[in-house]
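Thanks, everyone. Please bring the model up on your screens, and I'll go through some helix packing.

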Amino acid sequence: LKDRRRFPGHRVLPVLRDLADLDGQLSAAMRLGLSALAYSIMLTAIPRCVSWRCAGQRRRVLSRAYSSAPNLIRAAPLPAVALSPLLERTARATEELSQPQKPLLVLAFDINKTIVAVDKAAKKSVEEILSVALADNAMGYVEGGNWFFLAPSKATLTEEMVAGKAPDRVMSYTDFMDLCFPDIPGNDNRGPKRSRDLYKSSFVYPGSPGEAMYPEFSKLLRHLQLPGEMKGSPYLAQAGLDMGMFFIIPAFYVLLEKLVTEGVEFRLQFRTFGHDLDKVAREFNAFCEGRHPLSRPGLRLDGTSPITNGIDYRVHFSTCGGSFFRSHTRSEFCVGKYSADEKTPGVKIQTISAFHEWQRAMYSVGKTPENRKIGTLAIRDYWPHWRACLESADSGKLITIDREGQEVPGGMRSLRTIFFDDNVYPKEEQDIADVRFHDGSLVPFQLSHGKHLVRANLCQALRSPETYFYDEITQRVAL
């Protein structure tokens, strides 16, 4: 332990924390003398203080400590049971070192109608976004060319409600609009889209098919309004919240706090077709720096709080993101630029595998301008190509993943990505996400939708901010 040259990345501070965790067992070990104390330090410090690049050295040191433990115990005036927890801890640490590294959890979020209840690109207000979200959820039946309300969501639809009705005539209001104003291959289709949006944006108002959901609409709107005690906060203007409403929904911040306080290692991605990254970054960075009405005292996500292990989750546009250009023949990612113009100068990544390697490198060894670990990437995707392809699954937002058990270059981590977007469809041929393995091959539909894609439900996130995102994640991965 004294020779730090043998252990690159060795840190001494965790030793004191780990020793404090031993409680009574440590007290017994300390009475054995200096050798026992050094032994206990070895057991507790080495598993955490030596980088993964030194795993071989660390395994040899642990094995040597484990083999010398019986002699140390025989010379002790205390029963052998006093050090048994330490021996068990050594055995567990040695076993863990022989196992492959756990993939790094990457949580990717669309912005509009996923973590933000406004669509700046489509010029939709909060009220219109909530009406569209309720139209996505509301279930009804079609008769005589009209849609009639049955239930607020599929989960609340009962057998009595659908008794005697043909199953193919029971659908959401959004699905009904798709039938009324379908996209036609080869056409521009902006007209049908405008018609669908117009009807869904007024879905809950009196005289509309969803007027029965107006009370629920009013309730969700109140969830987005700043509580009275927050309206006097000095942080409102800094976070861009001086209009009296949340921009990023509270459920997103609740998820981050929960993951950080539980010690879950994760990274973030913001993915959008629009031009709203600046506003998202302004509020999100204020939260990370403790300058947000929802910031918890003592918990900062800018890399300065010990609980984040030096990870800076703030958005740094110059180094931690970029924009896509996609066509039928190529996918190109421009680092550090947020214009999707194919002529934009800058560092360009021109293959899917290279884009995946860039993500791995950024999350594993990348540094922010302040020399802290990178926690968040902000990426602008290329909407024109997706729309021109009629929202096909192989033209949307490019999400790359590693195969399970895949070996990665030294110092890197394999990625386990979960992507939230309100436009995730349960259709194999149509989707917002183009999910591919690191080598560019398509991920099977059953695998991508079973493990990696989540159709975000804004209504549920507003109703259950404490649990919604967390529950969706734990259904797909063990934290």
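Start with α8 and α9, which pack at an angle of about 150° with their axes 10 Å apart. Axes here are lines fitted to C-alpha atoms, for helices over the stretch in contact, and angles run from 0 to 180 degrees between N-to-C directions. The pair is therefore roughly antiparallel; that label applies over 145 degrees, while under 35 is roughly parallel, 65 to 115 roughly perpendicular and the rest oblique. The crossing of α8 and α9 is right-handed, meaning that the near helix is turned clockwise from the far one by less than a right angle, with anticlockwise being left-handed. On the α8 side, Tyr173, Thr174, Met177 and Asp178 make the contact; on the α9 side, Arg196, Tyr199 and Lys200 do. Contact means heavy atoms within 4.5 Å. By class, that contact has three nonpolar, one polar and three charged residues. Nonpolar is Ala, Val, Leu, Ile, Met, Phe, Trp, Tyr, Cys and Pro; charged is Asp, Glu, Lys and Arg; the others, Gly among them, are polar.

A word on provenance. This is a predicted model, where local features need pLDDT of at least 70 and side-chain atom pairs count only at pLDDT 80 or more, while totals for chains, interfaces and linings use all residues. Residues are numbered from 1 along each chain as its sequence is written, and side-chain values use heavy atoms, with hydrogens and water left out.

Now α6, residues 126-137. Its twelve residues reach 17 Å from first C-alpha to last, close to the 16 Å expected at 1.5 Å a residue. That expectation is 1.5 Å times one less than the number of residues. How many residues of α6 are buried? Nine of the twelve, among them Ile129, Leu130 and Ala133. Buried means under 20% relative accessible area (exposed over 50%, partly exposed in between; 1.4 Å probe, protein chains only). The cover includes β2, β4, α8, α9, α10 and α17.

Take α10 from that list. The axes of α6 and α10 come within 10 Å and cross at roughly 130°, so the two are oblique. This crossing is right-handed. Val126, Glu127, Leu130, Ser131 and Leu134 of α6 meet Glu216, Phe217, Leu220 and Leu221 of α10. That contact holds six nonpolar, one polar and two charged residues.

Last, the whole chain. There are 18 helices and 15 strands, taken as DSSP runs numbered from the N terminus (helices H or I, at least four residues; strands E, at least two). Of the 479 residues, 49% are buried.
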